[in-house]
Amino acid sequence: MASHPGTPLAAALVLLATTTGTVVAALTADALAHLAVHDRFLNGPELRHALRASLGSLVTVVAPFVLLGASALGAWPVTAALWVSAAVLLATLVTVAAVAIRGINVPWWQRTLFLLTVGVAGLVVVWLQTLAHG
């Protein structure tokens with residue numbers, strides 16, 4: 001979107017659609033993984049847990065929506081809001097990964113290598129999306 005951002009509202013709608021798709025994909029992946037491991041579909045409590053886990057990821061888009069809202073109010077251009085949003089999402093990805101591995105008993109250099117790999121993978125995704133939509 002940064003290559004032809006349009007209005008803050010248009011960018012927010014794309015973000016909303018993308019986020020919804022990501023949540024549905026995560027829920028579907030949880031359901032398929034459960035089916036593959038347990039040879040049965042999710043029951044009620046398991047489905048609620050999977051829904052909570054999938055919907056919990058929505059907190060990550062608060063910052064991009066705030067940044068786009070600031071853009072709508074004239075604080076800065078939509079393009080800047082989108083690039084800062086990408087940086088915030090990338091930092092969130094690395095932070096969540098760091099929290100997720102904090103209890104794992106591995107040497108510090110393996111943790112560092114893992115987090116660098118996650119960060120580079122995130123940068124590659126941003127680069128590929130920029131190429132695809134640029």
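A crossing of two helices is called left-handed if the near helix is turned anticlockwise from the far one by less than a right angle, and right-handed if clockwise. By that rule, α1 passes α2 in a right-handed crossing, where helices (H or I, at least four residues) are DSSP runs numbered from the N terminus. The model is predicted, so that local features need pLDDT of at least 70 and side-chain atom pairs count only at pLDDT 80 or more, while totals for chains, interfaces and linings use all residues. Residues are numbered from 1 along each chain as its sequence is written, and side-chain values use heavy atoms, with hydrogens and water left out.

The chain holds five helices and zero strands, and its C-alpha trace spans about 50 × 40 × 25 Å along the principal axes. Of its 134 residues, 19% are buried, meaning under 20% relative accessible area with a 1.4 Å probe, protein chains only.

Returning to the pair above, the axes of α1 and α2 (residues 44-56) come within 9 Å and cross at roughly 145 degrees; these axes are lines fitted to C-alpha atoms over the stretch in contact, with angles running from 0 to 180 degrees between N-to-C directions. Here Val23, Ala26, Leu27, Asp30 and His34 of α1 meet Glu46, Ala50, Leu51, Ser54 and Leu55 of α2, a contact being heavy atoms within 4.5 Å.

The largest nonpolar core has nine residues, among them Ala11, Leu15, Leu68 and Leu82, such a core being a set of buried Ala, Val, Leu, Ile, Met, Phe, Trp, Tyr and Cys residues joined through side-chain atoms within 4.5 Å. Two or more of its residues come from each of α1 (8-38), α3 (62-72) and α4 (78-100).

Key. Buried means under 20% relative accessible area, exposed over 50%, partly exposed in between (1.4 Å probe, protein chains only).
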